[in-house]
Amino acid sequence: MTDTDVLIVGAGPTGLALAVALQARNIHATVVDRLAAGANTSRAAAVSARTLEVLESLDVSRRLLKEGITAPRFTIRDGARILVPVDFSWLPTKYPFILMAPQSTTERLLLERLNELGGQVIRPKTLTGVRQDDTGVTARFDDGDEVRARYVVGADGMHSAVREQAGIGFTGGQYAQSFALADVRLTGDVTDDEVVLFWASNGMTVVAPLPGGTYRIVAPVDSAPEQPSAAFIQEMLDARGFGPGRVTVTETTWGSRFRVHHRVADSYRAGRVLLAGDSAHVHSPAGGQGMNLGIQDAIALSAALTTVLETGRDAVLDEYSAARRPLAQQVITLTDRLTRLATLPAPVRPIRNLAVGLAGKAPALQHQLAWRLSGLANR
């Protein structure tokens, strides 16, 4: 007996987007997640133009627009000096901007839409085993339950149990630095319509606006504190960002530290098991591509699964893997380049900034970055 057409393991943005897209196509999808409740931390914060385009048909984009704020510009700066200005406003899309919204908001809106379509997330449910045969997959869980599905999708993150059960390799490595992450309230010389990547002699810092008057701060630090304090963030912004006295951190609403991996699954498919999102690719947060690439995976996979379920044409699943994996490799190349440039040894950073500042004046480079960061290059 088949309990469901598609079992989706993981209820982050990728898993939820896939479930919504399948339910909208009248494909029975079951979503499980090992956590008892969805994470309420903000983590990813940027929703790209291409992601808004692919979510439009699912009636999710308009909801995101109501709750997020738009940033039509991205700049790489050294203090007040602009090295590379990237303007999204000229892009041929209904969404010529980065939409800034906490990941928790994106997940909540996707879940609301899934519920409207008759779907739900079953929690907590921890996968312990996957067994394939010619007609489907049997998934086992730690509570003794078994679910029979025609296909299983691992959308369960970097430490994916589905990927491990399927025996798919996850090739890559890890950056040496740890990263500090915090959502803070700022006063002073800061705007709410621009994402800024500071390349200072003292190191890199990202400052990005969020709804509600808060800002996302991300920075590589040799030994980042587990929960960055307001004083720690203030010191970092003074040294690496706007400069002393330009902005004041009045409150830290959330903070964490993390390490960054750069890895891609050797394949996105092993028989009836498929991967999407962070289970298939992880990379530096530079450029805000991770969640967007995962959601776009989900929409592409929903079309492939619908085709195979309706026609039996199994090759479309190989086509999904063949099409999406190179895109992840391209994103890793871009984000790795940005990260390595941003974290060059201190003595060469002034030379780097001089060279990047000269190159950044070229409209061709600015336009290429706009296409890549907006995700429109993936159309």
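Q: In this predicted model, where is Asn378 found?
A: The model is a predicted one, and in it Asn378 is found in the segment that follows α10, the helix spanning 363–374.

Q: Which residues does Asn378 touch, not counting residues up to four places away in sequence?
A: With those sequence neighbours set aside, Asn378 touches Leu293, Gln296 and Leu327. For Gln296 there is also a polar contact, in which its side chain and that of Asn378 are joined at 3.4 Å.

Q: How should I read the open sheet, and what is the order of its three strands?
A: As a general idea, strands of a sheet pair through backbone hydrogen bonds, and they may do so in parallel or antiparallel fashion. In this structure the three strands of the open sheet follow the order β3-β7-β4, and the pairing is antiparallel. Because β3 (46–47) and β4 (69–71) stand at the edges and have a single partner strand each, one side of each is left without a neighbour in the sheet.

Q: How many bridges join β3 to β7?
A: Two bridges join β3 to β7, the strand of residues 98–100, and these two strands run antiparallel. If you wish to locate the pairing by residue, look at Ala46, which stands opposite Met100 in β7.

Q: Is Lys125 buried or exposed?
A: The idea here is to compare the relative accessible area with a cut-off, and a residue counts as buried when that value is under 20%. Lys125 has a relative accessible area of 9%, so this residue is buried. Its place in the chain is the loop between β8 (121–122) and β9 (127–132).

Q: What is Lys125 in contact with, leaving aside its neighbours within four places in sequence?
A: Lys125 is in contact with Val32, Asp33 and Arg34, and also with Phe141, Asp143 and Asp145. The side chains of Lys125 and Asp143 are joined by a polar contact of 2.7 Å, while the C-alpha atoms of these two residues, which lie 18 residues apart along the chain, are separated by 7.6 Å.

Q: What does the lining of the second largest pocket have by class?
A: Sorted by class, the lining of the second largest pocket has ten nonpolar residues, two polar residues and two charged residues.

How values were computed
Residues numbered from 1 in each chain as written. Predicted model: local features only at pLDDT ≥ 70, side-chain atom pairs only at ≥ 80, totals over all residues. Heavy atoms only, no water. Helix = DSSP H or I, 4+ residues; strand = E, 2+ residues; numbered from the N terminus. Polar contact = N/O pair within 3.5 Å; in protein donor to acceptor, adjacent residues only side chain to side chain. Contact = heavy atoms within 4.5 Å. Pairing = 2+ DSSP bridges. Buried < 20%, exposed > 50% of the residue type's maximum accessible area, 1.4 Å probe, protein only. Nonpolar A, V, L, I, M, F, W, Y, C, P; charged D, E, K, R; others polar.
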